[in-house]
Amino acid sequence: MTEAALQIEARPAQLYVALYDKLPHPGLGPVQEFALDIGISATAPIVLTDVVWRAFDQNDHVSFVRQRLGEEAMDELTRGQFGVAPGLGLVLPRCYFLEQGAQPLSRLRISIAGFEAATRIGVSASLDVPLVYPQQRAKIHLPFADGTWWAITGNDWSSSHKADPVSWPFAYDFVRLGPDGRSFAGNGRSNADHYSFGQPVTAPAGGKIVFVRDDMPDQAPGQPLEASAITGDSTRLAGNVVVIGHGYSEFSYLAHLQAGSVSVEEGQMVKRGQQIALVGNSGHSPGPHLHYHFQDGPSLFVDRGVPVQFYNFLAVGDLIDHATIPSRMIVSPA
Ligand SMILES: [Zn+2]
């Protein structure tokens, strides 16, 4: 009798780590984050019992351990599907790590264990996933000319961006705040109530426009996008979009732009600070805001999202030379 083979796959296969070491997290200090989906397959029906994650630092010492053991934990982790059937596989979605400390990590070891359903013979497997700190070349600035903006997502597990660990785990949604510190006046039911709506969006760094979409209408706040709007092209979730290539495989992705506001064309060169569009509410968007993320290629859902450092902005009363902006930080262009 041969033991059933268990196999683990990580998506993505190599993980970018975002380091938040320059701006304060209340009560936390420096933190770093990464996210992935884990796929498990087997040659015979398997019941999973343990998942253990160990992160190693650059001296190959274990920096932290997380474990989930037993049937209840598996049930929760795998949404009740903790048996692995041959040919079907199992996904542990959205495995998210937000860890204290700025000490650089080198790899994440994923170990799983369980038993073969028919024979109850123990089986296990492990996988090492490299952890990478990208070296950013472009000096990215906030994509606005002025105003006070709230970065409502970032290192926030509850953000829907974390549901896709490939494309936009490190994305930001920026909302403009009014003089009253709120994001809208009145009851917020119309786009015009929102301080973000119609604000100029500027190129965060110089580069070439590599993609433009500008044929989608603005939604009313809270109005769900009809399924037909994204049929055949799920990237239409992002609404009207401008993608700028900065060189060295660095791209800015700006989304949910206002209908009819995109003022650049594919192939055009832009300078930092040049207006490219207005903030809108197109695509799958709960209300007017600007979605921004940095990626290592031009294509959404194909290329990888990358953590981004912004240069020369104001936060917590200070001029920040460059930093990755944590969730819920209020920032302004310098
Ligand atoms: Zn977003």
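In this predicted model, Arg109 sits in strand 9, which covers residues 105–116. How exposed is Arg109? There are 15 C-beta neighbours inside 10 Å of Arg109, so this residue counts as partly exposed; the label covers residues in between the buried class, which needs 20 or more such neighbours, and the exposed class, which has 12 or fewer.

Which residues does Arg109 touch, once those up to four places away in sequence are set aside? The contacts of Arg109 are Arg54, Phe56, Ser126 and Asp128.

The protein is divided into two parts, with domain 1 spanning 6–132 and domain 2 spanning 148–333. Between the C-alpha centres of domain 1 and domain 2 there is a distance of 30 Å.

The two domains also meet: 18 residues of domain 1 are in contact with 19 residues of domain 2. Which elements of domain 1 give two or more residues to the side that touches domain 2? These are strand 3 (18–20), strand 4 (31–42) and strand 8 (90–100). Strand 4 gives the most to this side of domain 1, with five residues. Sorted by class, the side of domain 1 that touches domain 2 holds 12 nonpolar residues, five charged residues and one polar residue.

Key. Residues numbered from 1 in each chain as written. Predicted model: local features only at pLDDT ≥ 70, side-chain atom pairs only at ≥ 80, totals over all residues. Helix = DSSP H or I, 4+ residues; strand = E, 2+ residues; numbered from the N terminus. Contact = placed C-beta atoms within 7 Å. Domains from an automatic or database assignment. Nonpolar A, V, L, I, M, F, W, Y, C, P; charged D, E, K, R; others polar.
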